[in-house]
Amino acid sequence: MTNIAHCESNLHVAADADAGGDGKEARPFRSLTEARNEIRKRRIDRPKEAFRVLVADGRYEITEPLTFELGDGNVIYEAAAGATPVISGGRRITSDWTEGKEGIWTTRLPPDWRFEQMWVNGQRAVRAREPDHFFHYLVACREQSIDGGKRAQQTLSVRPEDVFSLKGLTDEEVRQVQILAFHKWDTTRRFLDSANAENGHLVISGREMKSWNPLTRNTGYLLENYFKALDEPGEFFLAPGGELSYRPRAGESMEDAAFTIPVCEKLVVIRGDSANDKFVDGLEFRGIAFRHCGMLTPRAGFDPSQAASPIEAAVQIDGTKGVVFDHCEIGHTGGYGIWFRKGCSDGVLRHSFVHDLGAGGVRVGETRIASNESERTNRIVVDNNIIYDAGHLFPCAVGVWIGNSADNRVTHNEIANMYYTGISVGWRWGYGQSLATGNQIEHNHIHHLGKGWLSDMGGIYTLGPSAGTVLRGNRIHDIESWGYGGWGLYNDEGSTGILLENNLVYRTKSGGYHQHYGRENVIRNNIFAFGREYQIRRSKVEKHLSFTYQQNIVLWDSDKLFHGTWGDKGVEIGGNLYWRMGKPVDLSPADTSEDSLIADPLFVDPANDDFRFADPSVAKKIGFHPFDASQAGVDGDEAWKERASSLPMPKMQQAPAPPPITFREDFEWGNLPVGSSVSVTPELGGIQVIESPLARSGSKVMQFTDTPGQQHRYYPMLSLHPKHSEGTTNCRFAIRLGEEAVFQHEWRDAAHPYQTGPSLWFEHGKLRTSNRILTELPVDQWILVDVSAQLGPDAGGWSVSVSIPNQDTQTFSDLPLVNEEWNRLDWIGFVSQADGDAVVLIDDLQLSRTE
């Protein structure tokens with residue numbers, strides 16, 4: 001840190017000061033900007049003069065970021081004694097509210113006020129969304145290039161019942177709806193281009209999906225920003241034209257509730273010129289709260305990027321030396337909290353509360369490697385902070401992120417309540433050049449991450465070569481991923497030269513430690529406990545020493561110890577202590593050393609998170625050195641520690657499992673049914689969606705074209721895999737049979753051999769089951785068929801309704817199953833069984849189920 005000169009001039013700032021302050025005690029300045037401008041004037045004659053600006057209590061509203069540039073350094077902006085000044089980039093709503101139906105209140109704002117975040121009594125409100133808890137799941141996604149290949153359009157197939165609330169919206173209202181999708185470790189935020197709620201099709205557009213992490217079946221998603229979604233307390237909706245609607249939370253009085261909306265995207269911008277070796281030097285902020293800034297989603301949306309790496313920060317810092325934020329607060333943001341971005345050195349964030357964040361907490365360095373060394377960031381200290389409650393707009397953001405940056409220290413922080421990784425170090429996939437060396441990640445308390453929303457995360461995550469980096473003395477627990485990868489310590493692609501020691505990791509979904517691939521990492525003297533799926537994982541074998549794993553204690557009560565690939569010479573493993581709460585332990589093939597032990601480590605009360613040793617004698621047999629895990633987290637005064645320990649934590653839970661597939665398809669989008677498979681001899685016929693004047697609805701149908709010589713009589717065949725196992729399933733479709741058509745509709749399970757439930761044949765002008773003729777059928781007319789069957793313990797029969805033009809609907813109930821044992825629907829087929837030339841049309845196909 002740059003030393004501030006001992007001889008300094010004092011200026012004063014007060015929110016209620018008269019205009020035209022001159023810096024004298026009687027007439028303080030009204031804002032930090034006025035004080036900064038006064039300092040600039042004085043430095044014309046005295047360029048090296050140091051200043052201290054004392055800021056009185058009050059709320060200082062800004063409409064643009066506080067900006068500091070070359071020549072603005074060597075100044076301390078500090079809260080006056082006993083004061084807690086707030087710099088707010090927010091605007092208070094003062095217009096009157098009117099109560100309407102269903103407990104929704106409205107007020108009229110100027111039509112040019114646009115915002116996507118709002119705070120009520122200091123608590124973030126939720127933009128109206130569906131579903132209200134966790135997410136729905138995509139059924140499928142199809143992508144096609146548009147605009148000459150410059151962009152892509154994605155058609156998302158969803159369950160119609162999940163998007164029922166979109167019905168009745170105008171095209172323009174649909175275009176204001178945003179979708180937020182959760183796929184593996186990324187999120188995508190886009191506006192809808194169009195929607196067909198009845199059939200379950202949503203259309204978005206932007207960049208092509210990334211091949212390694214696209215939107216797929218069972219990608220979670222939610223929809224935001226439409227009035228029909230305003231159904232939960234704490235939700236709001238801003239309509240075009242300025243009408244703001246809000247549903248109060250319990251205990252909120254609309255008579256005195258304080259509503260704040262963001263005006264600024266950033267709060268502080270510090271801008272040096274590191275490219276030309278010119279820096280803002282020695283600028284400090286002490287005891288000041290920086291609150292309320294927001295972000296508007298551009299029409300193009302936000303494409304997925306690991307760690308939300310393109311997203312900027314409320315406090316954005318470039319080209320500085322010795323910039324300090326001490327005992328400050330950064331909260332209620334649209335993006336990250338603070339970013340020491342380009343050309344920063346010796347910066348400090350200390351003893352500060354960074355919270356309620358649209359993205360993550362702290363960023364250090366860049367994703368790129370600047371060719372000019374003066375533009376590289378290093379030696380940043382992030383010490384003794386509470387970084388809490390992040391990812392409200394960008395859930396894939398990180399608590400503390402270090403990119404291509406060296407010799408930073410991240411120590412004694414409380415990092416909790418986030419949807420993704422706690423601390424991420426490095427930005428190189430593989431073994432290429434990386435600047436993320438010599439970083440010290442020590443004594444942090446990292447917990448309650450993931451919350452069941454994303455996958456592939458770690459309490460501490462490393463990426464690429466990081467020689468000299470140390471992960472030491474951290475306490476990590478309660479990590480809950482959605483699908484896979486809720487690890488404690490995670491060395492990802494190319495992680496190299498990292499020491500991981502004296503860390504306590506427990507209660508993770510996956511394991512305490514995972515290395516995807518890397519080189520010469522050392523994992524020693526750690527405690528890994530109570531991984532739910534397994535304890536230790538190694539994914540990839542390479543022709544070098546991947547890591548050394550020694551003197552660790554592993555305690556668990558589930559089934560699996562080692563996961564992945566083991567047994568080769570790429571891992572040096574031994575001298576560890578394993579205990580499966582008294583159950584049998586198999587160390588092969590991973591740890592075949594003779595110096596590892598299976599024994600109770602004799603912790604005080606591990607079931608209640610007390611991993612102190614009641615007796616260290618067993619641990620000492622492997623050379624384990626006891627460490628004090630209570631030293632992890634914030635330190636210093638007791639009030640600060642109490643603040644960290646008293647923060648409310650989310651309930652750690654899994655998202656509901658994806659429901660079975662349902663859909664409604666009228667083929668107007670030109671696609672075959674979602675999740676369908678086609679079996680056909682291509683040159684002899686096929687199944688396709690075509691334009692046809694014969695369509696029952698719209699202009700398109702699905703056509704089966706059968707010809708002689710198919711490889712199998714049951715070609716062409718279209719099959720679906722609903723995997724319905726309980727409740728009642730209905731399959732409804734319209735069918736038009738040409739001359740010579742022979743067609744089969746059948747339901748099966750996945751047994752070997754399979755069992756068949758309902759089976760219908762359309763043959764020679766008749767509709768029959770496997771043992772009964774049901775009715776006569778016309779040719780070249782649309783026939784509506786509705787098949788229904790109960791599944792699970794209630795299975796045992798089925799029914800079919802048939803609607804023929806100019807006839808009453810016929811219903812045939814209690815039809816026998818082909819196989820009495822059948823009770824679940826894993827496969828449903830539409831099969832052309834003709835021996836000769838035949839055409840069958842299908843339209844308005846619907847698969848639904850009820851509990």
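This passage walks through the overall build of the protein and then one of its sheets. The model is a predicted one, in which local features need pLDDT of at least 70 and side-chain atom pairs count only at pLDDT 80 or more, while totals for chains, interfaces and linings use all residues. Numbering starts from 1 along each chain as its sequence is written, and side-chain values use heavy atoms, with hydrogens and water left out.

The protein has four helices and 77 strands, both being DSSP runs numbered from the N terminus (helices: H or I, at least four residues; strands: E, at least two). Its radius of gyration, 32 Å, is close to the 29 Å given by the globule rule for 851 residues, so the protein is as compact as a globular one of that length. Here the radius is taken over C-alpha atoms, and the rule is 2.2 Å times the number of residues to the power 0.38. Along the principal axes, the C-alpha trace spans about 105 × 75 × 50 Å.

As for burial, 59% of the 851 residues count as buried, that is, under 20% relative accessible area with a 1.4 Å probe, protein chains only. Among contacts (heavy atoms within 4.5 Å) with a separation of 6 or more, 74% join residues 24 or more positions apart.

Strand 10 (residues 119-120) pairs with strand 11 over two antiparallel bridges, and Trp119 has Arg124 of strand 11 as its bridge partner.

Methods: Buried < 20%, exposed > 50% of the residue type's maximum accessible area, 1.4 Å probe, protein only. Pairing = 2+ DSSP bridges.
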